[in-house]
Amino acid sequence: MKVIFATGNNGKAIEVKKLFENTEYEIVSLKDIGDNTEIIEDADTFEGNALIKAKVIYEKYKTPVIADDSGLMVEQLNNEPGVFSARYAGENCTYDDNNNKLLSELKNFPEPHPAKFVCAAVYYDGNTTHSLFGEFKGEIVMEKRGEKGFGYDPVFKPEGYEVTLAEMDLEEKNKISHRAIAFEKLKEKMCPA
């Protein structure tokens with residue numbers, strides 16, 4: 001069964017397709033179907049933004065949709081950037097811009113810099129809505145490390161690890177990430193045993 005993943009983010013699409021590999025669901029991203037709908041994410045929660053995306057795309061295609069919204073919450077910054085994680089350094093900013101702003105904001109705080117990634121994953125098919133959450137803790141390191149991953153991965157070191165997410169292989173990251181946790185829970189709801 002085809003399910004549209006309401007994202008244009010290739011990194012997210014690869015991660016989530018991998019999680020659904022051995023299920024009855026074929027996950028296709030907006031890029032896969034040539035859709036570049038501009039979706040205004042103006043909710044004040046991760047779940048609210050994920051639902052906005054899911055509903056907009058469902059209304060367009062009348063096909064079941066999964067969507068997520070996720071972000072980084074840094075304790076010393078009052079849980080910023082939070083729902084503004086993707087545009088922390090302003091509209092049309094790059095991952096590098098966001099990381100540079102984050103490191104600049106943290107430079108006057110003592111280390112460690114406790115942080116967590118949070119993800120809300122939703123399924124919507126016009127009738128049924130499932131919302132599941134994942135989070136995982138770690139800390140922000142003050143210099144970017146690694147070439148893999150995307151977003152804040154080069155500055156986030158998960159609890160119990162000495163490497164950043166950007167230094168990990170996708171398989172390893174997929175076992176522990178906030179997105180993996182949220183989408184594993186969502187997958188259980190969608191594929192009951």
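Which strand pairs with strand S1, and is the pairing parallel or antiparallel? Strand S1 (residues 2–5) pairs with strand S2 (residues 26–29) in the parallel sense, over four bridges. Welcome to this predicted model, in which local features need pLDDT of at least 70, side-chain atom pairs count only at pLDDT 80 or more, and totals for chains, interfaces and linings use all residues. Residues are numbered from 1 along each chain as its sequence is written, and side-chain values use heavy atoms, with hydrogens and water left out.

Helices (H or I, at least four residues) and strands (E, at least two) are DSSP runs, numbered from the N terminus. Two strands pair if DSSP finds at least two bridges between them.

**Strands S1 and S2**

- Within the pairing of S1 and S2, Ile-4 stands opposite Val-28 in S2.
- From S1 the chain passes through helix H1 (residues 10–19) to reach S2, and this β-α-β crossover is right-handed (with the strands pointing away from the viewer, the path from the first strand over the helix to the second runs clockwise).
- S1 also runs parallel to S3, joined by two bridges, and here Phe-5 faces Ile-66 of S3.

- S3 is largely enclosed by the rest of the structure, because 10 of its 10 residues are buried (buried means under 20% relative accessible area, exposed over 50%, partly exposed in between, with a 1.4 Å probe and protein chains only).
- In a regular strand, side chains alternate between the two faces of the sheet.
- Val-65, Ala-67, Asp-69, Gly-71 and Met-73 point one way from S3, while Ile-66, Asp-68, Ser-70, Leu-72 and Val-74 point the other way, and all are buried.
- With S5, S3 forms an antiparallel pairing of 10 bridges, in which Gly-71 has Val-118 as its bridge partner.
- With strand S4 (residues 80–81), S3 pairs in the antiparallel sense over two bridges, and Val-74 is partnered by Glu-80.
- The hairpin of S3 and S4 has five residues between the strands, and Asn-78 in this hairpin takes a positive phi near 55°.

**The two pockets**

- A pocket is found on a 1 Å grid over the protein atoms alone: where a set of points that fit a 1.4 Å probe cannot get out, it is a cavity, whereas a pocket is an open set with protein on both sides within 12 Å along at least five of seven lines; lining residues have an atom within 4 Å of a point.
- The largest pocket has a volume of about 1200 Å³ (grid points are joined across faces, edges and corners, and a volume is the space filled by probe spheres set on the points).
- Its lining holds 38 residues, with Asn-9, Lys-12, Glu-41, Lys-53 and Ala-86 nearest the centre of the largest pocket.
- Strand S3 (65–74), helix H3 (95–106) and helix H5 (178–190) are the elements that give two or more residues to this lining, and the largest share, five residues, comes from S3.
- By class, the lining of the largest pocket has 12 nonpolar, 14 polar and 12 charged residues (Ala, Val, Leu, Ile, Met, Phe, Trp, Tyr, Cys and Pro count as nonpolar, Asp, Glu, Lys and Arg as charged, and the others, Gly among them, as polar).
- S3, strand S5 (113–124), strand S6 (129–140) and strand S7 (156–158) each give two or more residues to the lining of the second largest pocket.

**Cysteines**

- The structure holds zero disulfides (a disulfide is a pair of cysteine sulfur atoms within 2.5 Å).
- Cys-93 is buried, at 17% relative accessible area, and its sulfur is too far for a bond because the closest cysteine sulfur, in Cys-119, is 19 Å away.

**Backbone details**

- Most residues other than glycine have a negative phi, and most peptide bonds are trans.
- A cis peptide bond, with omega about 0°, joins Glu-80 and Pro-81, and Pro-81 belongs to strand S4.
- Asn-92, in the loop between S4 and H3, has a positive phi near 60° and is exposed, with a relative accessible area of 78%.
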